[in-house]
Amino acid sequence: MRRTLLDFKTLTLTALTIGLMTACSSDDTDTSTETETETEAGTEDETRWITVAGAQMGDEPGDGNGGTLIYSVTSEEAKDPSVSISPFENGFTAPSNRTARLQSSEDGSTIFNISYAGDTGGTYTKYLVEGGQTFTQSGTEVSIEPYVGTAPRWIKLFDGDKTGAAVYVSTENEIDDNGTEDDASDDTYIRTNATIGVVTLDLENSLINNFQEHSVALTDEEEALGYYISRIDMPVLNEAGDKLYIGARLSKLDPTTTESDSDYEILGSKTIVLDYPSLLNPSVITSTVGYGNTNGYRSINAFLYDGSVYQANQSDPSGSHILKIDADNEYDDSYIFNLDDALGVEGAYILAWRPAANGKAVIAYRHDGSEEGVAGAQGFFALADLNTKTATRIDAIPYNADFYLFQYQGFVVDGNEIYVTEAPVGENGNIYVIDTETGEVTKGAELVNAEGSHFIGTF
Amino acid sequence: MRYIIFVITLLFFNIIHSQTGLISGTVVLEDDSPVINAHIKVLGTNRSAISDFDGKFEIDKLQYNTYELSISTIEADNKKVSINIDKEYNTIIIRLSKKMNQLSEVVINGKSIETEKETSGYAVNVIKTKEASLRNIQTNDLLNTTVGVKIRQNGGLGSEVNYSLNGLSGSSIKIFIDGIPSSVYGSSFSLNSIPPSMIKNIEVYKGVVPGHLSDDALGGAINVVLHKGSKDFFNAAVSYGSFNTIQASVNGLYHFDKSGFTIKTSLFNNYSDNNYKVSGRAIVVTGLGGVQTPITARRFNDVYRSTGGMAQIGYTNVSWADQFFIGVTASDDYKEVQHGAFMTIRPYKDRFLESDALLANLIYQKDDFLTKGLAININGLYGSRNRTVNDTVAAAYSWSGERAIDFKGDEYEYTWGSQQEGGPTLAKIERKVASIRTGLSYKINDHHKFLANHSYSGIDREDSDPLLSLLENTFIGTRDLHKNIYALTYELVTLDQKLRASVFGKYYHQKTISIDPAIAQDENGNSIVVDEVVSSNNKDDGYGFVTSFAIHPKLTLLASAEKAIRLPDETEVFGNDGDNVVANTSIRPEKSNNYNLGFRLGAFNIKKNQFTVSSNFFIRDITDRIGLPIENSLNVDDELIVYVNQGNAKSKGVDAQLNYSYKNNLGLNFNISRFDLTTTTDAGTEIDIPNTPFFTMNGSLRYSLKDVFQENTRLNLFYSLYFTGEFSYLNIPSGVGGADFFKVPEQISQDLGISYAFPDKKTVMSFDVKNIFDKPLYDNLRVQKPGRALYLKINYTINNY
């Protein structure tokens, strides 16, 4: 085993060095040559590190506020049901005061972290995965806090682990006082200005690449009704690599009082489009298929496949959709993939998802019929096909009312295989490996849980 | 009635030739504890004195003769002793026996000394401020060295303070100033700004709070008792030290003996640049590309200034009142904010807070009111207080104090347009405040006594922000809070004073009113602004008992328990528009069952050594804790988040204290406090609540020398040691890596001080060195506190001019 570990270390270092220079994403479309490169640069076997992440309970079961713990095993071990993994007993705590938003290199050899909240909130660090609880910090630290605050919403772009992008939005109401400063009765609300900030980060050299801020407008009608962009997240690159798409959440206020509205019509899903890498020329595109937000939660919400970006939406009144943005950087409103219809449920809500290079995806979701567990609605996994717009629940994975996927973050894609974690809050579970091509599900290593804690994925 | 012992000790220093002499005396109880504020009169003359905090007094220029001294005090039976003045310097120790009804007297007058309070049955510490007021010590520093108390302050002088008693903190702990909730005064007149010289003593009630301190104090209360009495005095002090810290105070009282007319004033001014050095993982300057270089930085936006005072006129010791005062309290403070709750790589520049308060006050106190045995005590306050937050600078600054550069090397501004994320603000909160506390007590005889207390406090709050449009300001709601608390207490003293017990019940009634402007149509169909008024009533009750039993003259057992509650605050009831939290008018108060069991051993006298040991074991068992529900996919985009009663917590631990003295020269005090703060899951597992300093120790040593350099002087040397054990921001199980990141390391700090009382007995000079070894001290959330600091202070006091 010791010998193996050394091999892995060599492998990971090699893979890191080469992998970082030669995009080797299985999510990229044009990856066949790079995949080969990786294989050549790699080793005789096709193993990689699988890092399992758990969120420890703070004071309520499932709150995940007690720290994010990670532990790495080889892909063979991950697939072996006789192996037990106990990150809550002997893992490594990611340095983040609140739940860390982790990212891994595409080959699993490096974990990227930006600390969330606290004195180091916004600080980027990377760790070499060396097996077990050993994560060795590498490179220097850099902070994006001055650009996007201590609680940054960031994601790694699929450009060969080169770049991370983080976003921020602040809003301000614009009021016309009609020339009478002391009389509120003739004042009118004009719009709410949303200023977005976008920073890109060189993950290899720990340097800030670029930062831009923009005022982003909705249509005049939408703005007059009080709609505004209140949260943005989940940047993703288009295939050409010349546009960055950023998911958005819309909120609405009551123009007569400027107070928050709660019961209002949900608008078509929107995405902010920026030039890349200049981060200039913002525009907003709107879907006529999906309604609701596109900013996801903690897990990557939009992916490039076959020349288009596929994006999940949330809080859609007719159930989550997977939306398609084509190479022309507009929504393809002829692409209709509604999860309610595909699964035959009501109120499907995509919590996290991930496609493999073959266009088949694993979706973590809940729906209106989900049981209410200890920490919220019960979650399920489905296997979906972006081409046929179909999805089926993966029944080979056991479900339980306390199986909760809201904070779920990580899927490892290894070829056509996708690794997920399954464990109800406070109960043991397993890694499951889904062969997206065949639909075959392999029960992998046992996940040893701790009271009130839950697993949030593989990296 | 016990028999009276008295001892006269005459010490001869040298033979002198003058025709007048001086008496230097000490008034003590049988257990050698000092009697404060005893009135000593030389019969047949017009000379008199009042004993100080150490029971000491002096009367000079007495013709050689034999005199009779009359000693009167509320704590002990009056007594007469004779003394022969036949030399220049005469000393006397007068021992008094305790009064039978002293517990009653304690409660009515709030005038007792620490020993009496500390054996009354409560888990209480009484902190004397006399010595500290002569030194360079902040009121908060004094509290922090008290057993079971932990102060977590977010920086240097004037920064935000959170008080923790036996593990409970935040809004569970109520602070009172003369029995009035300190929230009525606001931050400008608080323990941060009030100098120790204005304070008579500070009472810290842990877990069980007496009926006269009426508030919903879940975990205990700290009551700051300001000077009372009718003794003429004038005191002025000024202190200067590190970080350009200047603190000055003036206090005075003048009493017209014939009419009883009394004038009292206190003034204070505090200023500090707080520009102490900080370093650590977030203290860096960033260069091109965001490359970080660690530095040791001086804080540059942390100035604190507070000014305030109190002026009162009235009558003392007249037939219709023991105390009657009307007066005004005014205060004003300014505090720059260097960073948010955490020290991050982004220091703030030009963000500051200002607050002010202007309040009228009334005090009336009378024993034997209307009938013998009935005592009344009224303390009222009415006025306004305001607070503003000013944060309008968008420019980014670095820890070097200069403009920061961005990744391209250019000076830049923050996207959010202000220093703290959230946008520019000039938010102003205006509050009209009123509070009145009334206490009635009726003593049936020496064994039975009833006390009734009522406290009302009301706050009308209005928020506005000049940076917002009038339209937005119009629709900012207002919140009013009215709290009435009634307490009824029965006290029993029996078994030859060996058993003291009291039981009390408290009734809480809180009315919160939300006034939220909304748009409506008038008869003509025009839109008009109307107020939507929603009110919420919270009623609850609590009860408790307190008992002390002297199983031996040297061993007293103390037990107390209370079912305490904390009423939900206005945000918990009505939510907060800014945070998308909406009203939950059915929210219930937090409840806690608090238990104390302790003992006090001593005082033992072995030759000239005296020591006392006391300890208290405690449990605080909180249910219905109020919090926000965890975020999940159902509520993540919801505007409808409400505060709910969801959690529980338990604190279990022990406090212990040792006092030792040798003659009157050497004093040693050591205390230790340790507790476990846990929450219990549904499955019954106890989980530690992190970010809690659970282990603290404090030690102090005082050595006193007489007649150093000159006669009639006193030199005091002080040494203090503070220890806080390591604790972690998150609970990391042992065996898990990466735990160091979250740890707040063990902290040890040592202070040295020296004070010198000049022969005129009016001037005292003090010099203090804080944190002599310049160790890094952290507080809440790893915010660094000042390193080594030096302070010099001069006090000038005249008694009985």
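## A walk through chains A and B

Let me start with one residue. I266(A) sits in the loop that runs between β15 (259-260) and β16 (268-275) of chain A. A word of caution before we go on: this is a predicted model.

Is I266(A) buried, exposed or partly exposed? It counts as partly exposed, because it has 16 C-beta neighbours inside 10 Å. The cut-off for buried is 20 or more. What does I266(A) touch, leaving aside residues up to four places away in sequence? The contacts are Y291(A), G292(A) and P317(A). Now take S251(A). It is 15 residues from I266(A) along the chain. Their C-alpha atoms are separated by 9.0 Å.

One pair to look for is Y227(A), whose bridge partner in β14(A) is K252(A). Together β13(A) and β14(A) form a hairpin, with five residues between them. Look at the turn. There, G241(A) has a positive phi of about 75 degrees.

Stay with β13 for a moment. It spans residues 227-237 of chain A. How many of its 11 residues are buried? The count is 10, so the strand is largely enclosed by the rest of the structure.

As background, nonpolar side chains in soluble globular proteins tend to be buried together. Here, the largest nonpolar core has 132 residues. Which residues have the most contacts inside it? They are I246(A), L351(A), V362(A), I363(A) and Y365(A). And which strand gives the largest share of this core? That is β13(A), with seven residues. There is also a second, separate core, of 58 residues. Among its members are A217(B), A221(B), A487(B) and F504(B).

Next, the sheets of chain A. A reminder first: strands of a sheet pair through backbone hydrogen bonds, either parallel or antiparallel. One open sheet has four strands, in the order β22-β23-β26-β27, with antiparallel pairing. Its edge strands are β22 (349-355) and β27 (390-393) of chain A, and each pairs on one side only. Neighbouring strands in this sheet are turned against each other by 25 degrees on average, direction ignored.

Inside that sheet, look at β23 (residues 360-366) and β26 (residues 380-385) of chain A. They pair in the antiparallel sense over six bridges. As an example, A364(A) stands opposite F381(A) in β26(A).

Chain A has another open sheet of four strands. The order is β5-β6-β7-β8, again with antiparallel pairing. Why is one side of β5 (101-104) and of β8 (135-143) of chain A left without a neighbour in the sheet? Because both stand at the edges, each with a single partner strand. The twist averages 20 degrees from one strand to the next. Within the sheet, β5(A) pairs with β6 (residues 110-114) of chain A over four bridges. There, Q103(A) has F112(A) in β6(A) as its bridge partner.

Over to chain B. The domain assignment gives domain 1 (20-96), domain 2 (102-226) and domain 3 (233-799). How many Å separate the centres of domain 1 and domain 2 of chain B? Taken over C-alpha atoms, the answer is 31 Å.

Strand β27 (residues 428-443) runs antiparallel to β28 (residues 448-464), and 16 bridges join them. A hairpin through four residues connects β27(B) to β28(B). R431(B) has R461(B) in β28(B) as its bridge partner. Then β28(B) pairs with β29 (residues 478-494) of chain B, also in the antiparallel sense, over 14 bridges. For that pair, find F450(B) and its bridge partner Y490(B) in β29(B).

Last stop: the contact between the chains. It takes 57 residues from chain B and 65 residues from chain A. Consider the side of chain B that touches chain A. At least two residues each come from α5 (470-474), β30 (499-521) and β35 (644-662) of chain B. Which element gives the most to that side? It is α5(B), with four residues. By class, this side of chain B has 28 nonpolar, 20 polar and nine charged residues.

Key. Residues are numbered from 1 along each chain as its sequence is written. Chains are lettered from A and ligands numbered from 1 in the order in which they are written. This is a predicted model: local features need pLDDT of at least 70, side-chain atom pairs count only at pLDDT 80 or more; totals for chains, interfaces and linings use all residues. Domain bounds come from an automatic or database domain assignment. Two strands pair if DSSP finds at least two bridges between them. Axes are lines fitted to C-alpha atoms, for helices over the stretch in contact, and angles run from 0 to 180 degrees between N-to-C directions. A residue is buried if 20 or more other C-beta atoms lie within 10 Å of its own, exposed if 12 or fewer, and partly exposed in between; C-beta atoms are placed from the backbone. Two residues are in contact if their C-beta atoms, placed from the backbone, lie within 7 Å. Ala, Val, Leu, Ile, Met, Phe, Trp, Tyr, Cys and Pro count as nonpolar, Asp, Glu, Lys and Arg as charged, and the others, Gly among them, as polar. A nonpolar core is a set of buried Ala, Val, Leu, Ile, Met, Phe, Trp, Tyr and Cys residues joined through C-beta atoms within 7 Å.
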